[in-house]
Amino acid sequence: MTPEMLKGHLDGLVLAILEPEPQHGFGVIEQLKDNSGGTLDLPTGTIYPALHRLERTGLVTATWTVHNGHRRRVYALTTLGRAKLATYRAQWRGFADTIERIVQAPA
Amino acid sequence: MSEGSSRVNRQACPAERSGEGPSSGPDAIERYLEQVGRQLPGGPRVRRDILDELRDGLTQTLEHHGDDTAETALRREFGDPQQIGVALAGEARLRLARRHAVIVLLLLLAGGLGWQAYQSVVGIADSTVPTGWARSVFLAAVEALQACAMLAQIGAVLTVLTVSLPGRWAAEWAARITLVALAGFALAVASMLVSIAPAHRLDAVLVSIPVAGLTLPAIRYAYFATRHLRLR
């Protein structure tokens, strides 16, 4: 997989990771890695600008907690974020089906 | 899948900077944060929040991947600090621009309410309108003042609303309009002070003190908002 293939999908992927439960930045990147079987192994630092962008646009909320004496920022989906994720899923399925029909090897 | 092909967007790991040598985990984290911090805009709370969040992530990164020297492990696993700093700075600037536009809006609303209160309690005498050449200047300044106040409010609202839109050119223009309208407002107030009927000049000067107390900070914050949007 190339970085270009991930362009435009990071926000949707992060929203999907946050759907089951709130996560902090490092948790999101580790979850991405685990859920993709290690295929999506992004540099950890790249997730923070994405999370801040999602927070600014109202798709996630952030709250500070304290973990082992350190401040930790935990992100959770908002109602708007859940709606956006549902839209992203529908668009992705349509897109993936279309591409699959075109690029699949002839039987 | 091989290690090389399985990694997406992984940064090339630069060699440790010459002369620095291997560093302990906390030292490497603080050095990394210092490089990120150089890219971040002012605003102590925004900076502290961003760096605290990264410190937590960097600490966990070292705990999970600290098999190499700390500096190398951080750069390999977390990414290039300058690139991350630039990306976070862009986000921080958008937040600051929105915050400053909200402050401008609140100052304008406070000014508007204060003016309404002044009009209802003290009132504006007809004799404030001067005669002769000053009359047209005074009346034009009153018109300009009202128009600029309205334009500045619209600009500030639009800045807040459009700062999250893709491209952000609308927010940048809205912030510029706010700044220009506020400068026009200040100029109109000054013109009114100069042209008001001499008998009311002292009253006008006294009224202009709280007006300036609201207008000058509003201009300052509108300038900051414009600057953050331009530099994002």
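This is a predicted model: local features need pLDDT of at least 70, side-chain atom pairs count only at pLDDT 80 or more; totals for chains, interfaces and linings use all residues.
Local features need pLDDT of at least 70 and side-chain atom pairs count only at pLDDT 80 or more, while totals for chains, interfaces and linings use all residues. Residues are numbered from 1 along each chain as its sequence is written, chains are lettered from A in the order in which they are written, and side-chain values use heavy atoms, leaving out hydrogens and water.

**View 1. Meet the largest nonpolar core, with 43 residues.** A nonpolar core is a set of buried Ala, Val, Leu, Ile, Met, Phe, Trp, Tyr and Cys residues joined through side-chain atoms within 4.5 Å; buried means under 20% relative accessible area (1.4 Å probe, protein chains only). Among the members that touch the most others are A:V14, A:I47 and B:L58. The helix α3(B) gives the most to this core, six residues; helices are DSSP runs of H or I, at least four residues.

**View 2. Zoom in on B:L58 and its partners.** Not counting residues up to four places away in sequence, B:L58 touches B:I29, B:Y32, B:L33, B:L74 and B:F78. Contact here means heavy atoms within 4.5 Å.

**View 3. Here chain B meets chain A.** In this interface, 32 residues of chain B are in contact with 29 residues of chain A. There are six salt bridges between the chains, each a side-chain nitrogen of Lys or Arg within 4 Å of a carboxyl oxygen of Asp or Glu. One salt bridge joins A:R73 to B:E53, with the closest N and O atoms 4.0 Å apart. On the side of chain B that touches chain A, α3(B) brings the largest share, twelve residues.

How values were computed
Buried means under 20% relative accessible area, exposed over 50%, partly exposed in between (1.4 Å probe, protein chains only). Helices (H or I, at least four residues) and strands (E, at least two) are DSSP runs, numbered from the N terminus.
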